[in-house]
Amino acid sequence: QVPLVESGGGLVQAGGSLRLSCAASGSIFSIKTMGWYRQAPGKQRELVAAVTTDGSTNYADSVKGRFTISRDNAKKTVYLQMNSLKPEDTAVYYCNADLYLLSVQRFRNYWGQGTQVTVSS
């Protein structure tokens, strides 16, 4: 069972907006950094944005000023607000997080199943 579940992907026209959500589930004791990566066809997976437990953020240069990452620690959820979308933002977006599951008894890095974002020109 994948402890990270993404939602919010879809098809949008250039200039539009989408909001991705990723909820961590299961017997989670603690969560460290949460982030979003993306992978376009024929390209390597790349970091889009990340947020630490104290709220510090990091963005890829290509999305600075357009995307905003945030997290709700009480809901164990990370969000990615994507504005002014461009066709080159088209990719599968993956949630990533360092989770301490009680069943594992240590921190491990986990990936979500991915959600497709398609931006039409």
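**Figure 1. S84 in the loop between β8 and β9.** In this predicted model, S84 sits in the loop that runs between β8 and β9. Its phi is positive, about 50°, although S84 is not a glycine. Most residues other than glycine have a negative phi.

**Figure 2. K76 in the loop between β7 and β8.** The loop between β7 and β8 holds K76. K76, which is not a glycine, has a positive phi of about 55°. The relative accessibility of K76 is 28%, so K76 counts as partly exposed.

**Figure 3. The disulfide of C22 and C95.** The structure holds one disulfide. It is formed by C22 and C95, with 2.1 Å between their sulfur atoms. The two cysteines belong to distant parts of the chain: C22 is in strand β3 and C95 in strand β9, 73 residues apart. The link of C22 and C95 is left-handed, with -85° about the S-S bond. Are C22 and C95 buried or exposed? Both C22 and C95 are buried.

**Figure 4. The largest nonpolar core.** In soluble globular proteins, nonpolar side chains tend to be buried together. Here the largest nonpolar core has 32 residues, and W36, L80, M82, Y93 and L99 touch the most other members. Which elements give two or more residues to this core? They are β3 (18-24), β4 (28-39), β5 (46-51), β7 (67-72), β8 (77-82), β9 (91-101) and β11 (115-120). Strand β9 gives the most, with six residues.

**Figure 5. L99 and the residues around it.** L99 is one of the core residues that touch the most other members. Leaving out residues up to four places away in sequence, L99 touches P3, L4, A24, I28, S30, I31, R106, F107, R108 and Y110. A reader can find each of these residues in the structure by its number and follow the chain from one to the next.

**Figure 6. S21 in strand β3.** S21 is part of strand β3. Is S21 buried or exposed? With a relative accessibility of 17%, S21 counts as buried, because buried means under 20% relative accessible area. Apart from its neighbours within four places in sequence, S21 is in contact with V5, E6, S7, W36, V78 and Y79. Among these contacts is W36, which is also one of the core residues that touch the most other members.

**Figure 7. S7 in strand β1.** Strand β1 (residues 4-7) contains S7. S7 has a relative accessible area of 38% and is therefore partly exposed. Not counting residues up to four places away in sequence, S7 touches R19, L20 and S21. S7 and V92 are 85 residues apart along the chain, and 12 Å separates their C-alpha atoms.

**Figure 8. S70 in strand β7.** S70 belongs to strand β7. The relative accessible area of S70 is 31%, so this residue is partly exposed. What does S70 touch, not counting residues up to four places away in sequence? S70 touches T77, V78 and Y79. From S70 to Q81 there are 11 residues in sequence and 8.2 Å in space, C-alpha to C-alpha.

**Figure 9. The largest pocket.** Rolling a probe the size of a water molecule over the atoms shows where empty space is left. The largest pocket contains about 180 Å³ of space. Its lining consists of R38, Q39, A40, K43, Q44, E46, S62, R66, E88, D89, T90 and A91. How many residues of each class are in this lining? There are two nonpolar, four polar and six charged residues.

**Figure 10. K43 in the lining of the largest pocket.** K43 is one of the residues that line the largest pocket, and it lies in the loop between β4 and β5. At 58% relative accessibility K43 counts as exposed, because exposed means over 50%. A91 also lines the largest pocket. K43 and A91 are 48 residues apart in sequence, and in space their C-alpha atoms are 9.5 Å apart.

Key: Residues numbered from 1 in each chain as written. Predicted model: local features only at pLDDT ≥ 70, side-chain atom pairs only at ≥ 80, totals over all residues. Heavy atoms only, no water. 1 Å grid on protein atoms, 1.4 Å probe; cavity = no way out; pocket = protein on both sides within 12 Å on 5 of 7 lines; lining within 4 Å. Points joined across faces, edges and corners; volume = space filled by probe spheres on them. Nonpolar A, V, L, I, M, F, W, Y, C, P; charged D, E, K, R; others polar. Core = buried A, V, L, I, M, F, W, Y, C linked by side-chain atoms within 4.5 Å. Buried < 20%, exposed > 50% of the residue type's maximum accessible area, 1.4 Å probe, protein only. Helix = DSSP H or I, 4+ residues; strand = E, 2+ residues; numbered from the N terminus. Contact = heavy atoms within 4.5 Å. Disulfide = S-S within 2.5 Å.
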